[in-house]
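Colleague: Could you take a close look at the interior for me, and set it in its surroundings? I'd like to see how things pack before I do anything else with this one.

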Number of protein chains: 2
Amino acid sequence: MLERLSGDTRLYLTVGHPIPQVKSPGGITRGFEARGANAILVPVEVPPDRIDMFFELAADIGNLDGMVVTIPHKFRARQACATVSPRAELLGAANVLRRNPDGGWHGDMTDGIGFCNAVRAKGIGLAGRRALLIGAGGAGSAIALSLLDGGVESLAVFDLDTGRRDALVGKLATRYPNVAAAPAADPAGYGLIANASPAGMRPDDPLPVDAAGLTPAMHVGDVVTAPEVPPLIVAARAAGCTTNTGTEMYRAQVDVITDFLLGRD
Amino acid sequence: MLERLSGDTRLYLTVGHPIPQVKSPGGITRGFEARGANAILVPVEVPPDRIDMFFELAADIGNLDGMVVTIPHKFRARQACATVSPRAELLGAANVLRRNPDGGWHGDMTDGIGFCNAVRAKGIGLAGRRALLIGAGGAGSAIALSLLDGGVESLAVFDLDTGRRDALVGKLATRYPNVAAAPAADPAGYGLIANASPAGMRPDDPLPVDAAGLTPAMHVGDVVTAPEVPPLIVAARAAGCTTNTGTEMYRAQVDVITDFLLGRD
């Protein structure tokens, strides 16, 4: 890639605040390279009080072909789009933008797709599975929608913040009849457990679900990327479950985002 | 470099309009890498009617540490600077910007330094040389100043546009007593010939100076980068002169710019 970096390299930006923690620039730039595109994704830290000006200017930057948008700009990014995918419309947020032929932005929300693709890559089907989602924040909302779009039999949503939990369930229920609030983080009776809460990032975090309820028929996925094998996945493997780590989910999403940005999805 | 590209990579931009022709992103990014800096320079095409907004936004981009500025924004770039070098002040233009400790931009004008460094790299001293410069445009103005700063005995400036020639001579004469207008592009009597005109880029261009006047004691340098060995350099080598190509000048400037951007000059 570096060999081709020059004035004719097409530019993509990862937009967030703060920005040092994002991993997309390296992975997606390698994805561009693997697909033969002379393009690069670089981080740009835009403070919230400058995000309006950023989107106004971005429209007129001649070699800027797309963006990956992260915290806290995903909702503002959807507003900057002329067109969006149905899932971005429902969630009211966009994490990837590319140009339409007329130069306007087309947005999508891929945060949930990486999770489902990572599950499928393990040979696990979504159809017919009763799913339990822990965490109804940004990542959880996107995963919830992808699980429902992917054909799970039902989805139960748990969040310690019951208001946030019920708001997500209410939003999804306008389109899907098979979603409900879960009263507890108890995996008993589910075939797919998805942790979209940060539990597991700190050494003293409790497990996001009761590990005693894990059984070999379950698939357990986790969004946590550090540690690379978080405590829930350690417990799930010990219980005989199939698993997906957050790192696997991230890698699966890299391909989805790269293809979207290049208009090859 | 690509191995380290991530959210914590420090960002530098090459700003111009158009942008595909610029070569700085690859060379300077390699320069960052050679110096152990996790930093990247990428091209950004900013149209003239957006350059004010660009500089307003750039001030607040948290991971943006500097810029290389090219046509047509070098004069506007100087205005965006809180502080500039004396040569940028005299020329009223800046082609490189980096942050001051308070976040404001410090500008310099390195277009002429590459030329003089390339000459010195051939073992040729500037002191005591009578220099003839062809071309009083942006690059020529910067080279003129660097030659004078570098200690040439005298500088004669030729340009087919005598108004432009005289304007540059007048500006330089406020500081240097040893600069004058040259009535013709005749190398006779000079020890250093610098072509800063575009003559040589097209196959049917006339030579910028009368080749019959070239003698082995002369050093001849050319800003033209394509063809890599332009016709003036071919003629100078045939006459026994030492020479510098535009590509050598560009490479010498890459190191100067890289060190400036990293604050290591």
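Modeller: Happy to! Domain bounds here come from an automatic or database domain assignment. For chain A, that assignment gives domain 1 (2-109) and domain 2 (113-249). Before going further: this is a predicted model, in which local features need pLDDT of at least 70 and side-chain atom pairs count only at pLDDT 80 or more, while totals for chains, interfaces and linings use all residues. Residues are numbered from 1 along each chain as its sequence is written, chains are lettered from A and ligands numbered from 1 in the order written, and side-chain values use heavy atoms, with hydrogens and water left out.

The centres of the two domains of chain A, taken over C-alpha atoms, lie 28 Å apart. Contact (heavy atoms within 4.5 Å) links 5 residues of domain 1 with 8 residues of domain 2 in chain A. As for secondary structure, chain A has 9 helices and 12 strands, counted as DSSP runs numbered from the N terminus (H or I of at least four residues for helices, E of at least two for strands).

Now the interior. In chain A, 59% of the 265 residues count as buried, that is, under 20% relative accessible area, with exposed meaning over 50% and partly exposed in between (1.4 Å probe, protein chains only). A nonpolar core is a set of buried Ala, Val, Leu, Ile, Met, Phe, Trp, Tyr and Cys residues joined through side-chain atoms within 4.5 Å. The largest has 113 residues, and Phe54(A) and Phe54(B) have the most contacts inside it. Leaving out residues up to four places away in sequence, Phe54(A) touches Leu13(A), Val15(A), Val44(A), Val46(A) and Met67(A), and also Leu57(B) from the other chain. Apart from this core lies another, of 17 residues, including Ile134(A), Ala156(A), Tyr190(A) and Ala236(A). In soluble globular proteins, nonpolar side chains tend to be buried together.

Helix H2 (residues 51-58) of chain B brings us to Met53(B). This residue is buried, because its relative accessible area is 15%. With residues up to four places away in sequence set aside, Met53(B) touches Met53(A), Glu56(A) and Leu57(A). Looking at the two chains together, 100% of the interface residues of chain A are also interface residues in chain B, so the copies meet through the same surface. Superposed by least squares on the C-alpha atoms of residues with pLDDT of at least 70 in both, chain A can be laid on chain B with an RMSD of 0.1 Å by a turn of 179° and a shift of 0.0 Å along the axis. The two copies are therefore related as by a two-fold rotation axis.

Ala196(B) sits in the loop between strand S10 (192-195) and strand S11 (219-222) of chain B. Its relative accessibility is 13%, so Ala196(B) counts as buried. Apart from residues up to four places away in sequence, Ala196(B) touches Leu133(B), Ile134(B), Gly135(B), Ala139(B), Gly140(B), Ile143(B) and Val223(B).

Two backbone details are worth a look as well. A cis peptide bond, with omega about 0°, joins His17(A) and Pro18(A), and Pro18(A) is in the loop between strand S1 (10-16) and helix H1 (24-34) of chain A. Another cis bond joins Ala226(A) and Pro227(A), with omega about 5°. Most residues other than glycine have a negative phi, and most peptide bonds are trans.
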